[in-house]
Amino acid sequence: MMAQLIDRKHLKQEMKELLRSAQVSPRGMTCLYLALVLVLNLADSFMGLMNPGLLGTFISILTGLMSMVLASGFVMYCMAIRRGERAEYLTLFDGFSFVGKVILLNIVIYLFTFFWSLLFVIPGIIAAYRYRFALYNLYENPGIGVMEALNMSKQQTLGYKGQLFMLDLSYIGWLLLASLTSVVQTGYIYACIFQDPGYYLANPAQVYAITLPMPVGLQVVLGCVWPLLVALFYLPVYQCTELGYFDTAKHTSGVGEDAAPKDPGSFDSGWGGF
């Protein structure tokens, strides 16, 4: 079956209406999810400032892995909303029941995307969209393998990569707003360099010492809080809309939960053709 042209605006509006009727508040679930992510980010940032050595690196890796698992729980909550099911706040921690696969699949996706990026930027971007639905396949069926989830995504995203790119592009305003603190910090650094370029050319290491005229702790808090505060207003709709694309792709490709595969032999079971 050919890929279907998705009416993005209509789907977004449909998801907004669906979220309003959710049995467990989407705003409350999003607040809980982002609050936990904030705690992890702050722990990572402050540990990096206090102990930038081996312990700081370990904490950074640990908080990153925990964020992956919490993200899986939030997606599963959104999946339940799309099915009209009730998902309690504890759904946020459901990813811990198959934590190993969640972490491994995230790592494999990162590595494959990185390898493609070594060829050029464009292949890396295409690879990122090729594996876009891999985690969703795992969340729907934790019993499948990591490579099976990846291969399913490769089949499902055929004809949908461009549409997914346009979906992301429609949220560019929100992403720019979320990066406001980083933009201000970067702008301040360049302003300082332009004021005295000779000094920084002679002392390039001093560039890393430039900070905004406010306590470092406050900068860390603002840098962690602002993006998550912005995400509170768009994340639930965005996530449910992307899951709408996923459901459509499953239907048209015949690959995925509740969809009979078009040809069992069409799936690669190995690492070739990543």
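Here are a few friendly notes on the aromatic rings in this predicted model.

1. Let's begin with the overall tally. Counting ring pairs gives 15 aromatic pairs. One of them joins tyrosine 110 and phenylalanine 114: their ring centres are 6.4 Å apart and their planes meet at 10°, so this pair is stacked, given that planes under 30 degrees apart count as stacked.

2. Now for where that pair sits. Tyrosine 110 and phenylalanine 114 both belong to helix 4 (residues 99-119), and being 4 residues apart there puts about one helical turn between them. Tyrosine 110 is exposed, at 57% relative accessible area, while phenylalanine 114 is partly exposed, at 39%.

3. Phenylalanine 112 is in helix 4, and tyrosine 131 is in the loop between helix 5 (121-130) and helix 6 (134-140), so the pair ties together parts 19 residues apart in sequence.

4. Are phenylalanine 112 and tyrosine 131 buried or exposed? Phenylalanine 112 is buried, with 6% relative accessibility, and tyrosine 131 is buried too, with a relative accessible area of 2%.

5. Finally, a group of rings to look up: Phe133, Tyr136, Tyr139 and Phe246 form a cluster linked by ring pairs.

Notes
Residues are numbered from 1 along each chain as its sequence is written. This is a predicted model: local features need pLDDT of at least 70, side-chain atom pairs count only at pLDDT 80 or more; totals for chains, interfaces and linings use all residues. Side-chain values use heavy atoms; hydrogens and water are left out. Rings of Phe, Tyr and Trp (its six-membered ring) pair if their centres lie within 6.5 Å; planes under 30 degrees apart count as stacked, over 60 as edge-to-face and the rest as tilted. Helices (H or I, at least four residues) and strands (E, at least two) are DSSP runs, numbered from the N terminus. Buried means under 20% relative accessible area, exposed over 50%, partly exposed in between (1.4 Å probe, protein chains only).
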